[in-house]
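Take a first look at the fold below.

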Amino acid sequence: MKAIRIHEDGGPGVLRYEDAPDPVPGTGQVLIDLRAASMNHLDVWVRKGLPSVPKPRILGADGAGIVVSGDSFEPGERVVINPALDHGDGRITVVGEHTDGTHAERIAVPAEQVYRIPDDLGFEAAAAFPLVFETAYRMLVTKAGLREREWVLVWGIGGGVSTASLAIAKALGARVIVTSGNDTKLEPARELGADAALNHDTDDVPGTVKELTSGGAHVVVDHVGEATWQRSLAAARADGRICVCGATSGPNPPAQLHRIWWKQLTVYGSTMGSRTDFEAVFELVTSGRVVPVIDHVFPLAEAAAAHKRLEAGEQLGKIVLRIPG
């Protein structure tokens, strides 16, 4: 089969579109002909060696396609993959990080990670939601307990977790303020349902958030880190909740611990999600209550261009790979 593999850590130049051995399904696994996969920042980190994984390695956590064979499934069934195998003891095995991934023509995964999708959900949309939607759901609902009419601040609306957070929060009846450093993303974000959209490079985000919400955001979604952390603490209202799932601008911001105890804030760390989290977002997507936002679709063979677009921060929503390319 054709696949995108890395044989060493580095930039987009280490990505190889090449022949790879066809996967052989083991006991309890499903063999899938993939039709679409999507890009996540995880793919960039793994490619760079953060963490460095055994090689050669096929990248990609998210994918959807057609069953070839497998327990409890019929050949030809349309399916999507849950990228996280929750072992129930705090350990999670992630497709594309701990095992070969979805940026290939075929994959074999445990049957418990495979879900049938309705005919009206396209492969590209199905591949666009799993990792980022379960990550966002776990932060907003499982961790922060988001309630109807609460205010949510979401930094960096271009990314997949941010657009997923916007979609989920709105579906649950919350009000959402988003930010971007690119003015061209602000109006599309409003069209996607944002109640307000701010430029985090030029606007006073904490001041404006406090004004719009009469005191501050109930929940802040911060996956940026050093560049936004101080403002996240400032923008949260007393007794607010801050959810952290990444640090794309750096992991060591000024702590400002006094704001946490003075405002009695709760900080939640969160990574991906459990089977329950995935099934909750699966229902939201398949019922049509939320719709994944797709930024751009590349053929599988052009995965390097997809990596470059993701790293440049040019996207609004998910970057998808069409398979076969």
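The paragraphs that follow go from the whole chain to its strands, helices and single residues.

This is a predicted model, in which local features need pLDDT of at least 70 and side-chain atom pairs count only at pLDDT 80 or more, while totals for chains, interfaces and linings use all residues. Residues are numbered from 1 along each chain as its sequence is written, and side-chain values use heavy atoms, with hydrogens and water left out.

Start with the whole. The protein chain holds 10 helices and 18 strands. Both are DSSP runs, numbered from the N terminus: helices are H or I with at least four residues, strands are E with at least two. Along the principal axes, the C-alpha atoms fill a box of roughly 55 × 40 × 40 Å.

Now the surface. The accessible surface comes to about 13100 Å², and 49% of it belongs to carbon and sulfur atoms. Such areas come from the Shrake-Rupley method with a 1.4 Å probe; for residues, only the protein chains shown count as cover. Of the 325 residues, 54% count as buried. Buried means under 20% relative accessible area, exposed over 50%, and partly exposed in between (1.4 Å probe, protein chains only). Contacts reach across the sequence too. Among contacts with a separation of 6 or more, 70% are between residues 24 or more positions apart. A contact means heavy atoms within 4.5 Å.

Next, find strand 12, residues 175-180. It is largely enclosed by the rest of the structure, because 5 of its 6 residues are buried. Strands of a sheet pair through backbone hydrogen bonds, either parallel or antiparallel. Two strands count as paired if DSSP finds at least two bridges between them. Strand 11 (residues 151-154) runs parallel to strand 12, joined by 4 bridges. Val154 has Val178 as its bridge partner in strand 12. From strand 11 the chain crosses through helix 4 (residues 160-171) to strand 12, and this β-α-β crossover is right-handed. Right-handed means that, with the strands pointing away from the viewer, the path from the first strand over the helix to the second runs clockwise. Strand 13 (residues 196-199) also runs parallel to strand 12, with 4 bridges between them. Here Val178 has Ala197 as its partner. Strand 12, helix 5 (residues 186-191) and strand 13 make a right-handed β-α-β unit.

Stay with helix 4 for a moment. Ser162 lies in this helix. Its relative accessibility is 0%, so Ser162 counts as buried. Which side chain makes a polar contact with that of Ser162? The side chain of His223 does, at 2.7 Å. A polar contact is a pair of N or O atoms within 3.5 Å; within protein, one must be able to donate a hydrogen and the other to accept it, and residues adjacent in sequence count only if both atoms are side-chain atoms. Leaving aside neighbours within four places in sequence, Ser162 also touches Val154, Trp155, Gly156 and Ile157.

Move to strand 18, residues 318-322. It is mostly covered, with 4 of its 5 residues buried. Strand 3 pairs with strand 18 in the antiparallel sense over 3 bridges. Ser38 has Val320 as its bridge partner there. Strand 17 (residues 294-299) runs parallel to strand 18, with 5 bridges. Phe298 stands opposite Leu321. Strand 17, helix 10 and strand 18 make a right-handed β-α-β unit.

Finish at the start of the chain. Strands in the order 2-1-4 form an open antiparallel sheet of 3 strands. Strand 2 and strand 4 (57-58) are its edges, each pairing on one side only. Ile6 has Arg57 as its bridge partner in strand 4. In helix 1 (residues 41-48), Leu42, Asp43, Val44, Val46 and Arg47 are buried. The elements they pack against include strand 1 (2-6), strand 2 (15-19) and helix 10 (303-312). Gly49 follows helix 1, with a positive phi near 95°.
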